[in-house]
Amino acid sequence: MKKRKYFLKSHVVISRLKSKKFLILLLSTLTILVCLGIGMYQTYAALTGQDSKENNFKIADFKTSIEEDFQPSKKFEADIDYKKIVRVKNDGEDLAFVRVLVSPVITTKDTMTNQTILLPATMNGSAPVLSIDFNDVDWIDGQDGFYYYKQALKTGEKTSSLFEKVRMNSQSIDTNYTGAILTFELKVESVNTTAYAYRDAWWNGQKPTVGVLLPIDQVLEPQVIKE
C-alpha cells in the first residue's frame with residue numbers, strides 16, 4: 001500500500017509539472033502570436049499607406065494624362081525625323097510632381113510564320129537604334145527608365161514637351177528593320193508635393209546622397225510643401 005501511495009503522489013507531482021510546463025508553453029505561444037500580430041498589422045498599414053507620417057500621399061486624388069501630337073506614317077524609314085510631341089497635363093485638384101516612363105517598341109512580321117518579332121529599340125550607347133530629342137532643360141533623365149519634370153504642375157497646367165522628334169539611325173540597323181513599326185509605351189506617375197511624398201512613392205523613402213537621382217532630389221525638395 002505504501003508503494004502504491006508513493007506512486008500516486010509521484011503521478012500527481014508529475015501531472016502538476018506537466019500542467020505548469022503546458023501553461024508556460026501556452027503563455028509563450030500567445031506572446032509570440034501577439035508579437036506576430038502586431039508585426040503583421042504594422043506591415044499592412046505601411047503597405048496600404050494608412051500611416052500618414054510615412055506615406056503622406058494620395059495617389060487616387062491625382063489625375064494626369066499624356067497628350068501627344070503625332071503624325072503617323074505608313075512607312076517608318078531610317079534617317080527621317082518623325083514628329084511626336086509628348087506632354088503631361090495635371091487634371092487633378094492639387095499640385096503634383098510627375099515622371100514619365102518611356103519605352104519605345106519596334107516590331108516586324110516574320111514573312112514565313114507571320115509572327116510578330118520584337119527588334120532592339122535602344123536609345124542610348126555608342127550606336128543607338130533611335131535618336132530622340134529629349135528635353136534636358138525641363139526634364140531630368142533618372143536613368144531608371146523615368147524622366148522627371150523639374151517643376152510641380154498646377155491644376156490644368158501642362159509640362160513642356162518631353163520630346164518632339166524621333167529618328168531611326170540607318171548605321172545601327174539591318175534589313176530586319178525593313179517595314180518595321182515603331183510604337184511608344186508611355187506611363188505617367190504623379191504624386192503630391194507634401195514632404196516627402198515623392199521619395200516615399202518613387203524611391204522607397206530614401207533620400208539620394210549620390211548618383212543620378214541626387215540632382216532630381218535637389219530640384220524637387222525646395223518645392224515641397226512642409227506642414
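Guide: Side chains of opposite charge can pair when their charged atoms come close. Here the side chains of arginine 99 and glutamate 189 meet in a salt bridge, with 2.8 Å from N to O. The term stands for a side-chain nitrogen of Lys or Arg within 4 Å of a carboxyl oxygen of Asp or Glu. Arginine 99 lies in strand 3 and glutamate 189 in strand 9, so this pair ties together parts that are 90 residues apart in sequence. Strands (E, at least two residues) and helices (H or I, at least four) are DSSP runs, numbered from the N terminus.

Visitor: What kind of model is this, and how are residues numbered?

Guide: This is a predicted model: local features need pLDDT of at least 70, side-chain atom pairs count only at pLDDT 80 or more, and totals for chains, interfaces and linings use all residues. Residues are numbered from 1 along each chain as its sequence is written, and side-chain values use heavy atoms, with hydrogens and water left out.

Visitor: Are arginine 99 and glutamate 189 buried or exposed?

Guide: Both arginine 99 and glutamate 189 are buried. Buried means under 20% relative accessible area, exposed means over 50%, and partly exposed is in between (1.4 Å probe, protein chains only). Glutamate 189 has a relative accessible area of 19%.

Visitor: Which other residue forms a salt bridge with glutamate 189?

Guide: Lysine 187 does, and the closest N and O atoms of that pair are 3.2 Å apart. Lysine 187 has a relative accessible area of 42%, so this residue counts as partly exposed. Through shared partners, salt bridges join Arg99, Asp144, Lys187 and Glu189 into one network.

Visitor: How many salt bridges are found in the whole structure?

Guide: The search finds ten. One of them links aspartate 91 to lysine 89, with the closest N and O atoms 3.8 Å apart. Aspartate 91 is partly exposed at 37% relative accessibility, and lysine 89 is partly exposed at 24%.

Visitor: Next, how should I read a nonpolar core?

Guide: In soluble globular proteins, nonpolar side chains tend to be buried together. A nonpolar core is a set of buried Ala, Val, Leu, Ile, Met, Phe, Trp, Tyr and Cys residues joined through side-chain atoms within 4.5 Å. The largest one here has 26 residues, and those with the most contacts inside it include Val102, Ile106 and Phe184. Strands that each supply at least two residues of this core include strand 2 (82–90), strand 3 (96–109) and strand 9 (181–192). The largest share, four residues, comes from strand 3.

Visitor: What does valine 102 touch?

Guide: Contact means heavy atoms within 4.5 Å. Not counting residues up to four places away in sequence, valine 102 touches several residues, among them Met123, Leu162, Phe163 and Phe184. A second, separate core of 13 residues includes Phe97, Phe146, Trp202 and Trp203.

Visitor: Where is leucine 101, and how far is it from leucine 186?

Guide: Leucine 101 is in strand 3. Leucine 101 and leucine 186 are 85 residues apart in sequence and 5.5 Å apart in space, C-alpha to C-alpha. At 23% relative accessibility, leucine 101 counts as partly exposed.

Visitor: Which helix holds arginine 199?

Guide: Arginine 199 is in helix 2 (residues 197–202) and is buried at 7% relative accessibility. Leaving out residues up to four places away in sequence, arginine 199 touches Asp217 and Glu221, among others.
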